[in-house]
Amino acid sequence: MRDLGNTQYFKVDSEPENEARAVLSAVYAALTEKGYNPVNQIVGYIMSGDPTYITSHKNARSMIMRVERDELVEELLVEYIRTRLQGGASGRKTPRQPED
């Protein structure tokens, strides 16, 4: 049984984000080039795990399947927080873990 009185921490290494960032950029470009809405297609892939949401153009489907979906979500969330919630602060910042 879990102790619901404490917050669990989830920490990942910083290396996967660099790969995730590069893959997201390449996949976004391939989807755009083929005329798809890249946001809708990437969300569909992340939510379902179905690689057919991603075009095979420029090897995008193979690239995205090499990165774990949770790493893609983490990269998207970190970038959103950095640019939207921290006012576009320069440099890559990871949100601080709150204290219990």
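Let's start at E68, which sits in the loop between α3 (60-65) and α4 (69-85). Helices here are DSSP runs of H or I with at least four residues, numbered from the N terminus. What you are looking at is a predicted model, where local features need pLDDT of at least 70 and side-chain atom pairs count only at pLDDT 80 or more, while totals for chains, interfaces and linings use all residues. Residues are numbered from 1 along each chain as its sequence is written, and side-chain values use heavy atoms, with hydrogens and water left out.

Is E68 buried or exposed? E68 counts as exposed because its relative accessible area is 52%, and the cut-offs are under 20% for buried, over 50% for exposed and partly exposed in between (1.4 Å probe, protein chains only).

Now step back for the whole picture. The protein has four helices and zero strands, so no strand rule is needed to follow the order α-α-α-α from the N terminus on. Of its 100 residues, 28% are buried.

One of those helices, α2 (residues 38-48), holds I42. I42 counts as buried because its relative accessibility is 10%. The C-alpha atoms of I42 and V27 are 8.4 Å apart, and the two residues are 15 apart in sequence.

Next, find Y28 in helix α1 (residues 15-33). Y28 counts as partly exposed because its relative accessibility is 44%. Together with V39, V43 and M47, Y28 makes a nonpolar surface patch of about 430 Å². For such a patch, residues need over 30% relative accessible area and no salt bridge, and nonpolar side chains (Val, Leu, Ile, Met, Phe, Trp, Tyr) are joined within 5 Å. A salt bridge would be a side-chain nitrogen of Lys or Arg within 4 Å of a carboxyl oxygen of Asp or Glu. Helix α2 gives the most to this patch, with three residues.

Y28 and I42 also meet in the lining of the second largest pocket, alongside residues including R21, L24 and E75. A pocket is an open set of points on a 1 Å grid with protein on both sides within 12 Å along at least five of seven lines, and lining residues have an atom within 4 Å of a point. This pocket has a volume of about 300 Å³. The elements giving two or more residues to its lining are α1, α2 and α4, and α1 has the largest share with four. By class, the lining has six nonpolar, one polar and three charged residues.

How values were computed: Patch = residues over 30% accessible without salt bridge, like charges linked within 9 Å, V, L, I, M, F, W, Y side chains within 5 Å. Areas by Shrake-Rupley, 256 points an atom, 1.4 Å probe, with all protein chains shown as cover. 1 Å grid on protein atoms, 1.4 Å probe; cavity = no way out; pocket = protein on both sides within 12 Å on 5 of 7 lines; lining within 4 Å. Points joined across faces, edges and corners; volume = space filled by probe spheres on them. Nonpolar A, V, L, I, M, F, W, Y, C, P; charged D, E, K, R; others polar.
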